[in-house]
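Thanks for coming. I will go through a few geometric features, one site at a time.

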Amino acid sequence: MVGIVGYGSYLPRYRIKVEEIAHQWGRDPVTVKRGLMLNEKTVPGMDEDTITISVEAAKNALKRANIDPAEIGALYVGSESHPYAVKPSGTVVAEALGAVPNVHIADYEFACKAGTEAMFVAYGLVKADLVKYALAIGADTSQGAPGDALEFSASAGGSAFIFGKEGVIAEVLDTFSYTTDTPDFWRREGAFYPLHGGRFTGEPAYFKHILGAAKAILDKSGYKPADFAYAVFHMPNGKFPLTAGKRLGFTKAQMEPGWIVPLMGNTYSGSSPTGFAATLDIAKPDDLILLVSFGSGAGSDAFIFKMTKRIDDVRDKAEKLKSMLENNRIYLDYGQYAKYRGKIIMNE
Amino acid sequence: MPSPTYRREMPQRYRLEAAKCKKCGKLFFPPRLVCAGCGSKEFDKTKLSETGTILSHTMIRVAPADFATQVPYAIAIVESDNGVRVTTQVVDCKPEDLEIGKKVKFIFRKLYEEGHTGIICYGYKTVLV
Ligand SMILES: [Zn+2]
């Protein structure tokens, strides 16, 4: 059996409310909140980045996996906000966890789906018996341009998953990837903020790929939406995942535990993986879970997981996502937020 | 350029690695070459507990240039649950939240950047539990 042997997440404690951003740019907060189905989002502290978020998420995954970090043979960090342009985030993460030096490292990048890319490769390496354990992380400290719609959603956080063959808590039953060249959202080298194709990001990008990957994995596996206890879809805002799920035949109840975007925002590479982690926090043995990511550019990775009995032994060994979402929140005003996110031009 | 000290101190800064004297059991953080208790030179590798207690704290309001944008920030003397005292930043809190006796946990954070083009230096800080 190949699957997840430990999982963990990390969210920064800082938050900004949608109202605060809306007031700054003269937008009506009620309309924005209703349109995007968002209340607030996480904001990284000035001393947090994709590397520090990855380390904390991975430490929680290690607590649940209860393995020696030196046995991790591959470590992959998926993010669109790697702190270095050249020098893998994974090198620092592996050093901090004590997984060095006998480990294969790579950083992945694919807009919002870099986390599930890391998961896909980690799973494949374990299945091929190339490594005993492989750690996959999806983490981001995403930026939206000031005044842009993305500023309401782009947030920070991440989740880590350790794949292995012994002590599996969620077995991987199937995977499917669906990818095309779709210029819905991009950032050129050196540009600070990404650009997006406005309405073009919906139907031909998000829905085409999410629905394409989900339908294909359902066809391939023979499962129907009703067979699943839970389904998690990438969450660029509150509305898109609920609409996608409904069109596929999933109910709100199946999506609710992983639909954490109203309080978290879109953590990009950490979005669907963190929704999945929140679902693992409450899933029961034998439950089936569908996970479908989406990354602009564009593509979707789909996974079907089946929970094992071991989930009941490990879920309480690290902080649960609900607690991270609801406790120790520190609210920022827009000025503080602009400073924290480096949006203020300073003298050298 | 990255300093050789930074690279050498990674085990303690990144992973809280400490040294435990094989002879008298005293714990040292950062690790040392000779035990201050018994003079022994043999140590076992161990780690600081991930949690500790605030023994004393202060707010920094006038900071060195690299930390100027972070003021006011808290510095505390923390005793780890396995009995080692370290001076560390306490982040993600308001000044009024700090109290002697409160529990903290060690976390991995960015310490400073060597300018806009240099390396990013990481290490431990603490947050209130
Ligand atoms: Zn001694």
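At what angle do helix 3 and helix 4 of chain A pack, and how far apart are their axes? Before I answer, some conventions. This is a predicted model, where local features need pLDDT of at least 70, side-chain atom pairs count only at pLDDT 80 or more, and totals for chains, interfaces and linings use all residues. Residues are numbered from 1 along each chain as its sequence is written, chains are lettered from A and ligands numbered from 1 in the order in which they are written, and side-chain values use heavy atoms, with hydrogens and water left out.

Now the helix pair. Helix 3 (residues 50-65) and helix 4 (residues 89-97) of chain A pack at about 45 degrees, and their axes are 9 Å apart. Axes here are lines fitted to C-alpha atoms, for helices over the stretch in contact, with angles from 0 to 180 degrees between N-to-C directions. Helices (H or I, at least four residues) and strands (E, at least two) are DSSP runs, numbered from the N terminus. Helix 3 and helix 4 of chain A are therefore oblique to each other; under 35 degrees would count as roughly parallel, over 145 as roughly antiparallel, 65 to 115 as roughly perpendicular, and the rest is oblique. The crossing of these two helices is right-handed, meaning that the near helix is turned clockwise from the far one by less than a right angle. From helix 3 of chain A, the contact (heavy atoms within 4.5 Å) includes A:Ile51, A:Val55 and A:Leu62, and from helix 4 of chain A it includes A:Val92 and A:Leu97.

Helix 6 (residues 202-221) and helix 7 (residues 239-248) of chain A also pack at about 45 degrees, with axes 10 Å apart. Helix 6 and helix 7 of chain A also cross in a right-handed sense. Among the contact residues are A:Tyr206 and A:Phe207 of helix 6 of chain A, and A:Phe240 and A:Arg247 of helix 7 of chain A.

Next, backbone geometry in chain A. The A:Val100 to A:Pro101 peptide bond is cis, with omega near 0 degrees, and A:Pro101 sits in the loop between helix 4 and strand 5 (104-108) of chain A. A:Gly297 and A:Ala298 are also joined by a cis peptide bond, with omega about 10 degrees; A:Ala298 is in strand 13 (residues 297-307) of chain A. A:Lys87, not a glycine, has a positive phi of about 135 degrees, and it belongs to the loop between strand 4 (72-78) and helix 4 of chain A.

On to chain B, which has two helices and eight strands. Its C-alpha atoms fill a box of roughly 45 × 40 × 20 Å along the principal axes.
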